[in-house]
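Hi everyone, thanks for making the time today. Please bring up the sequence and the model on your screens, and we can walk through them together.

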Amino acid sequence: MNIDCKKEIDIAKKAALEAGKYLRNNKVKLNQVLSSTNRDIKLKADNEAERIIKDIIKRESSIGILAEESGMSSDASFKSLWVVDPLDGTANYSRDIPICCVSIALISDFKPIIGVIYDFNNDHLYEGSINTNACLNGKEITVSKITKSNQGILITGLPNDTDYSDEALLNMIKNFQNWRKVRMIGSAALASAYIASGKADVYMEHKTYLWDVAAGAAIVNAAGGEALIINQNEKFQVDVFFSNGNILK
């Protein structure tokens, strides 16, 4: 399939902006818990934002959709695929922590082609593609020039099924010791956007979900960084290492 990047990125931006503004302006009625586990919650907001995004994409694009809440659309194939996280940072949203966003990616042959991330609390729209530079609200952004981890900022996270054993946490702490600062912000998509815009230098996480990071990968690459997504399993969980390209894994 030949992908018209300009057309598709415009569709993604339209969907992200509409869903994000809806999430921002209707929080009282959307902040209703539909289900919860020990480590995760789902809100009415997740479902409503996903409905808005899918309606726009289905109306304007012929490419199938993989979405966090509803899974794979009946017409989807792995050749080219929209990958949608309607609300990344749901727990933050539910507690009025303003670190959450809408994330929409287009992948082809398992490679991120287009990425759009809308930080609706700050009205920050990040975008990037294989054919365009990375931008924040239309202004070009680039990754940082930091070359040493002891001068850099690492962003990471603890996904829902994180191994909390003493051994696993000790290994994580040993890695933290290599960095000037470590941050956990509760949104993989915004973590990726922060790498792309030079706010931090490396984002790494194990067993996050493809819809959390696919858009960010496209934007990091477009910003001159390197986005590695590996070890995808049947639940679309992946390991990621996004960097400014100057700090090696």
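A word on the ground rules. What we have is a predicted model, where local features need pLDDT of at least 70 and side-chain atom pairs count only at pLDDT 80 or more, while totals for chains, interfaces and linings use all residues. Residues are numbered from 1 along each chain as its sequence is written, and side-chain values use heavy atoms, with hydrogens and water left out.

So, the overall picture. The chain has 7 helices and 15 strands; helices (H or I, at least four residues) and strands (E, at least two) are DSSP runs, numbered from the N terminus. The C-alpha trace spans about 50 × 40 × 35 Å along its principal axes. Does the radius of gyration agree with a compact globule, or disagree? It agrees, because a compact globule of 249 residues would come out near 18 Å and this chain has 17 Å. That radius is taken over C-alpha atoms, and the globule rule is 2.2 Å times the number of residues to the power 0.38.

Of the 249 residues, 50% count as buried. Buried means under 20% relative accessible area, exposed means over 50%, and partly exposed is in between, with a 1.4 Å probe and protein chains only. Looking at contacts (heavy atoms within 4.5 Å), residues 24 or more positions apart account for 61% of those with a separation of 6 or more.

Now to the strands. Eight of them, in the order E4-E3-E5-E6-E7-E8-E9-E10, form an open sheet with mixed pairing. Strand E4 (71-72) and strand E10 (139-140) stand at the edges with a single partner strand each, so one side of each has no neighbour in the sheet. Two strands pair if DSSP finds at least two bridges between them.

Let's look at E5, residues 80-88, where 9 of 9 residues are buried. Strand E3 (residues 65-67) runs parallel to E5, joined by 3 bridges, and Ala67 stands opposite Val84. Strand E6 (residues 101-108) is antiparallel to E5, with 7 bridges; here Asp85 stands opposite Ser103. E3 also pairs with E4, in the antiparallel sense over 2 bridges, and there the bridge partner of Ala67 is Gly71.

Next, E15, residues 237-243. How many of its residues are buried? The count is 7 of 7, so E15 is largely enclosed by the rest of the structure. In a regular strand the side chains alternate between the two faces of the sheet. In E15, Gln237, Asp239, Phe241 and Ser243 point one way, and Val238, Val240 and Phe242 the other.

E15 has antiparallel pairing with strand E13 (residues 202-209) over 6 bridges, including Tyr203 opposite Phe242. Strand E14 (residues 226-230) is also antiparallel to E15, with 5 bridges, and the bridge partner of Leu228 is Phe241. E14 and E15 form a hairpin with 6 residues between them, and Asn231 in the turn has a positive phi of about 60°.

Last stop: Asp10, in helix H1 (residues 5-25). Asp10 is partly exposed, at a relative accessible area of 36%. Val116 is 106 residues away from Asp10 along the chain, yet their C-alpha atoms are separated by 9.5 Å.
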